[in-house]
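Thanks, everyone, for making the time.

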Amino acid sequence: MKRLFLLAAFLLACLPLSAQDNPVIIPERETVVLDNFTAVPNMTLGLYQYARQCVLDGLSRRRINVIDVEQDGYGRADIVYPSFHFAASHAGHPFDINRAVRVMNDYDQARWYMTVYIARFHTHPVEHKSTDKDGNPVVRTDFTAELDADVYLYDADTQTNLGPVRWHYIYTGASELASAERYVIENLSQKARSFVTDNFRFKASVIQLGEYNKKGKLQDLYLSCGSDMDVSKGDVFFVYSVSDINGIATARKLGKVKVKEVTGRESCHCGVSKGEVEIDQAFKAGEVLVAVSDHDDFF
């Protein structure tokens, strides 16, 4: 019940009480301040810097604005690398609330503070023994790399911390050690993109219904989000009917849509995957319909 209430509150934020005077919701990007990272000492400085760049690349390509403190010279090189002493001085983890508050005081346009601790970076060779066609022993060696990264996300508005969220990835099969290291670190870019999708969901309005199939079922519709929010083909949204009755927030899930085409900075064309009848009826009845970005993994 609590989860449903929180969802309804999120959906109802900034909405009017009636559908008739409901303005179109145009989503805006959240701003995240990315602080320096910390890492275990067995990671070379070059790989450490590459890991941070991969995370930065992943964050920057997905629906948020990112402020990189290193671009402003806002560093802490004395404790960043290596970081055993720093981690031990903060109860075993690298998140320092005092540091987060100081940084955010200098970036009042942002709500979110983010830092990452690379808690494990391990590589090792793996031998594979076999024989050739003449029965002679053959030994082939490849390499495995494993990485764990703890992500801390601090909300300066509510003064709450989300984290640590652990990213784990292991890669096996590279013929060279450097390749195994590179593969496991480059995966951080995808982890960062998924993290944004999970934690920075946004709302948009259903602004227009589209075509109907031969059976009279709704096939597609349009939402009030587009290239300004890095919407892309294949993105998934839940569609809800939301209302506030006597101060009680309610949200009724109607269906699911998937982006077929981005049609502008603030518009996209979506196919209706579920809830064709429910969405059609609710829209025509003048209900407030809100689409919330999500992962296709939930279906």
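Let me begin in helix α6, which covers residues 177–199, where Arg182 and Glu186 both sit, four residues apart, or about one turn of the helix. Helices here are DSSP runs of H or I of at least four residues, strands are runs of E of at least two, and both are numbered from the N terminus. As background, an α-helix has 3.6 residues a turn, so residues three or four places apart point the same way. Arg182 and Glu186 form a salt bridge whose closest N and O atoms are 3.7 Å apart, under the rule that a side-chain nitrogen of Lys or Arg must lie within 4 Å of a carboxyl oxygen of Asp or Glu. Arg182 is partly exposed at 33% relative accessibility, and Glu186 is likewise partly exposed at 33%; buried means under 20% relative accessible area, exposed over 50%, and partly exposed in between, with a 1.4 Å probe and protein chains only.

Before going further, a word on provenance: this is a predicted model, in which local features need pLDDT of at least 70 and side-chain atom pairs count only at pLDDT 80 or more, while totals for chains, interfaces and linings use all residues. Residues are numbered from 1 along each chain as its sequence is written, and side-chain values use heavy atoms, with hydrogens and water left out.

How many salt bridges does the rule give? The count comes to 15. One of them joins the side chains of Asp157 and Arg111 at 3.6 Å, N to O. Asp157 lies in the loop between β5 (137–155) and β6 (160–174) and Arg111 in the loop between α5 (97–105) and β4 (112–131), so this pair ties together parts that are 46 residues apart in sequence. Asp157 is exposed, at 57%, whereas Arg111 is partly exposed, at 26%.

Another salt bridge, at 2.7 Å from N to O, brings together Arg201 and Asp294. It links distant parts of the chain, with Arg201 in the loop between α6 and β7 (203–209) and Asp294 in strand β12 (residues 288–294), 93 residues apart. Here Arg201 is partly exposed, at 30%, while Asp294 counts as buried, at 8%. There is also a network of salt bridges linking Arg52, Asp68 and Glu70.

Turning to helix α5, its buried residues are Arg99, Ala100, Val103 and Met104. They cover an arc of only 125° around the axis, taken from the directions from the helix axis to the C-beta atoms, which puts them on the same side of α5.

Next, the sheet. Six strands make a closed barrel in the order β7-β8-β11-β10-β9-β12, with antiparallel pairing, where two strands pair if DSSP finds at least two bridges between them.

Finally, the cysteines. The structure holds zero disulfides, a disulfide being a pair of cysteine sulfur atoms within 2.5 Å. Cys268 is in no disulfide, and its nearest cysteine sulfur, that of Cys270, is 3.8 Å away. Cys268 is buried at 0% relative accessible area, and Cys54 is buried as well, at 7%.
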